[in-house]
Amino acid sequence: MPSLPPASSELDKLIGKKTKLLVLLMFIVTCVLIFLGMLVRISLTDRHIPKLVISETNRALRGGIVSEEGFRLAFSQKLYKAMINTYNIDPDKKELFVNLFSIYSGIPTKEIAQRIRKKGNVVLSYSIDANRAKYLKSLSRKLRVLNVFVPYETEKGNIIKYGLSITESGESRIFAYRDILTPVIGYMRKREEDGFTRPTGVKGLEKYYEEDLRPIQNGFVKGERDIGNTIILDAKSFVRPAIDGMTLHLNIPIALQKALEALLDRAKKEHDAREVVVCIMESETGKILALATSNRYDPDNIRKKDYPSLNVTAAEYTYEPGSVMKPITFALLLKHRKVNPMEVVRTWNGRFRLGRKIITDEHKEAWMSAENVIVHSSNIGMAQLAQRLDAVDFVEGLKDFGFTRKTGIDLPYEHTGILPHITQMESEIYKATVGYGYGMRATLLQLVRAYNVFNNRGRLVEPKIVSEIVDPLGKRYPVQANEEPRQVVSPAVAYKMQKILEKVVEKGTGTKARTPGLEVGGKTGTAHIASRRGGYAKLYNSSFIGFANDKTHRYTIGVLVRQAKKPYHYFAAMSAVPVFKEVVDLMVKQGKLLPDPSLGSASESLPQKHTR
């Protein structure tokens, strides 16, 4: 019987082929899915490859401050940060890196070696200047060529290869002359701006002109890069220029300011004073030619002992001015026709009772002419003359001279002083004491501005330190006064007061200020300092406010000597007046004043008297 064909064997073979094909197909599909998945993952993951288009920010800098002669007093420079990932340094070339970086940066090798002991990103310096930054960027490229940097793999499997990174870190404010013109110029504090350290003004001119000095616009560049990672500037790139802040041009010559500060340093020691302050103002324009103090500081290194010196005494310290107020009171009497300079005033041999108050004089006379009340600084004479002014005329008149008002000086935090209320000024005691400079407070700048009225045909002007503001394109913006010059007294009254003040220097309390060939006048003031516990301490402020003129120049000058402790030097005639004289001599030496030899001195043969 014939055998049957092996049908089951053929079927098994067919099924086996199909199974293999199915497995192969599934494998292929799986591979394709895995491949597509990897493509998606790669497309969605930051692959840390260099971008073809990059951008850079070039931060603008703060504007500068320039003296009258054009010397840069304060300016900014950019600082850079040097950073390295220590994993990228080839261990065999670490010493080479340390030595080369030290040469290019100026940082000692020991300091660099110490810093790169840390693992990961390390900042080698935050304060690299622009020149060194340029050299260090060049070094970074050279180190790549020398294969100093090697790649390393992170825990996540990323391959990293960074070199030496030099980036902008901040802005440094440079005060080229250290303590010169402090505290007027001011000082800075730091603030962060998107990881960039900026200086901002806290006091002085830096604070007052903050909006003008602040950078106007940061620069920005975007475009394709070359193989050296430098942006290619072409038609496709975008460039926005950096615009720095504006520049302040001062009325103050640094040569005069520096010499004046040296003079005040000597005067402080000579009179054993707490502080000596001087202000020089051009009478017609109000331009401040110098505003100096013996108490200064280094804006880059302010110490705790410098804290009392951070304020501008001339604008922020108010005090009872004493006898320098007598000419202001006398001018109001002249304005209201309440006095004749030649009339005779009884001065009671230097001792006078007004109510319950005893008023005394250093210069003891039975009678004086009204103008000699100023010349010889008679408290008794002024106490009686002041009674002729009614309260309203007195208080409003003092306000017209600028008291209890800001002077308009371009400095922040200016104090205004105080005056008694009109109702208080109805009292004969208040009239008397305010008439000779007590019971009120004023700043040195207010006094200089008020006296300037006498040397400027009766007009009150604003003092200004800054002459003009210049933008980065060179356009100039003159600094304008907040108000127009104002007529306080008539030119005739101003002229009379000017001549009386000249007599103070010729034969009164200011004889040490006489300067042949110049028109010099002024008034002394020696005032007790009020105690916090009430009454007056045995301490004095001594002032001399006056003017010095030649044929073409007119200047108003104020001197304040605070708390002179050398015996008898608390008298203004012994301290403030000699300082005034030295200031005038300095101005002659520097060509600010030109004495006329033909004028001589009208009072060279008159004896000197040392009084108040």
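**View 1. Helices H12 and H13 in contact.** Ala391, Phe394 and Leu398 of H12 meet Lys431, Val434 and Gly435 of H13. By class, these contact residues are 4 nonpolar, 1 polar and 1 charged. The model shown here and in the other views is predicted. H12 spans residues 391-400, and H13 spans residues 428-435. Their axes come within 12 Å and cross at roughly 30 degrees. Angles under 35 degrees count as roughly parallel, so H12 and H13 are roughly parallel to each other. H12 passes H13 in a left-handed crossing.

**View 2. Helices H2 and H4 in contact.** H2 covers residues 94-105, and H4 covers residues 130-145. The axes of H2 and H4 come within 9 Å. They cross at roughly 155 degrees. Angles over 145 degrees count as roughly antiparallel, so H2 and H4 are roughly antiparallel to each other. The crossing of H2 and H4 is right-handed. From H2, the contact takes in Phe97, Leu100, Phe101, Ile103, Tyr104 and Ser105. These meet Arg132, Tyr135, Leu136, Leu139, Lys142 and Leu143 of H4. The contact of H2 with H4 counts 9 nonpolar, 1 polar and 2 charged residues.

**View 3. Asn147, a residue with positive phi.** Asn147 sits in the loop between helix H4 and strand E5. Strand E5 is formed by residues 152-153. The phi of Asn147 is near 55 degrees. That is a positive value in a residue other than glycine. Most residues other than glycine have a negative phi.

**View 4. Helices H9 and H15 in contact.** H9 runs over residues 326-335 and H15 over residues 491-507. The two pack at an angle of about 140 degrees, with their axes 10 Å apart. H9 passes H15 in a right-handed crossing. On the H9 side, the contact is made by Pro327, Phe330, Ala331, Leu334 and Lys335. On the H15 side, it is made by Val493, Lys496, Met497, Ile500 and Leu501. The contact of H9 with H15 has 8 nonpolar, no polar and 2 charged residues.

**View 5. The cis peptide bond at Pro183.** Thr182 and Pro183 are joined by a cis peptide bond. Omega is about 0 degrees. Most peptide bonds are trans. Pro183 is found in the loop between E7 and E8. Strand E7 covers residues 165-175, and strand E8 covers residues 188-193. Pro183 is also one of the residues that line the largest cavity.

**View 6. The largest cavity.** A search of the whole structure finds 2 cavities of 30 Å³ or more. The largest holds about 60 Å³ of space. Its lining is made of Pro183, Val184, Glu275, Val277, Leu291, Ala292, Thr293, Asn311, Val312, Thr313 and Ala314. At least two lining residues come from each of strand E13 (275-282), strand E14 (288-293) and helix H8 (313-316). E14 gives the largest share, 3 residues. By class, the lining of the largest cavity has 7 nonpolar, 3 polar and 1 charged residues.

**View 7. The second largest cavity.** About 30 Å³ of space lies in this cavity. The residues that line it are Arg62, Glu171, Arg191, Arg198, Pro199, Glu210, Arg214 and Pro215. The lining counts 6 charged and 2 nonpolar residues, with no polar ones.

**View 8. The second largest pocket.** This pocket holds about 510 Å³ of space. It is lined by 23 residues. Of these, Leu79, Glu171, Ser172, Arg173 and Lys190 are the closest to its centre. Glu171 also lines the second largest cavity. Strands E3 (72-85), E7 (165-175), E8 (188-193) and E9 (196-201) each supply at least two residues of the pocket lining. E7 gives the most, with 9 residues. By class, the lining of the second largest pocket has 8 nonpolar, 8 polar and 7 charged residues.

Notes: Residues are numbered from 1 along each chain as its sequence is written. This is a predicted model: local features need pLDDT of at least 70, side-chain atom pairs count only at pLDDT 80 or more; totals for chains, interfaces and linings use all residues. Side-chain values use heavy atoms; hydrogens and water are left out. Axes are lines fitted to C-alpha atoms, for helices over the stretch in contact, and angles run from 0 to 180 degrees between N-to-C directions. Helices (H or I, at least four residues) and strands (E, at least two) are DSSP runs, numbered from the N terminus. Angles under 35 degrees count as roughly parallel, over 145 as roughly antiparallel, 65 to 115 as roughly perpendicular and the rest as oblique. A crossing is left-handed if the near helix is turned anticlockwise from the far one by less than a right angle, and right-handed if clockwise. Contact means heavy atoms within 4.5 Å. Ala, Val, Leu, Ile, Met, Phe, Trp, Tyr, Cys and Pro count as nonpolar, Asp, Glu, Lys and Arg as charged, and the others, Gly among them, as polar. On a 1 Å grid over the protein atoms alone, a cavity is a set of points where a 1.4 Å probe fits but cannot get out, and a pocket is an open set with protein on both sides within 12 Å along at least five of seven lines; lining residues have an atom within 4 Å of a point. Grid points are joined across faces, edges and corners, and a volume is the space filled by probe spheres set on the points.
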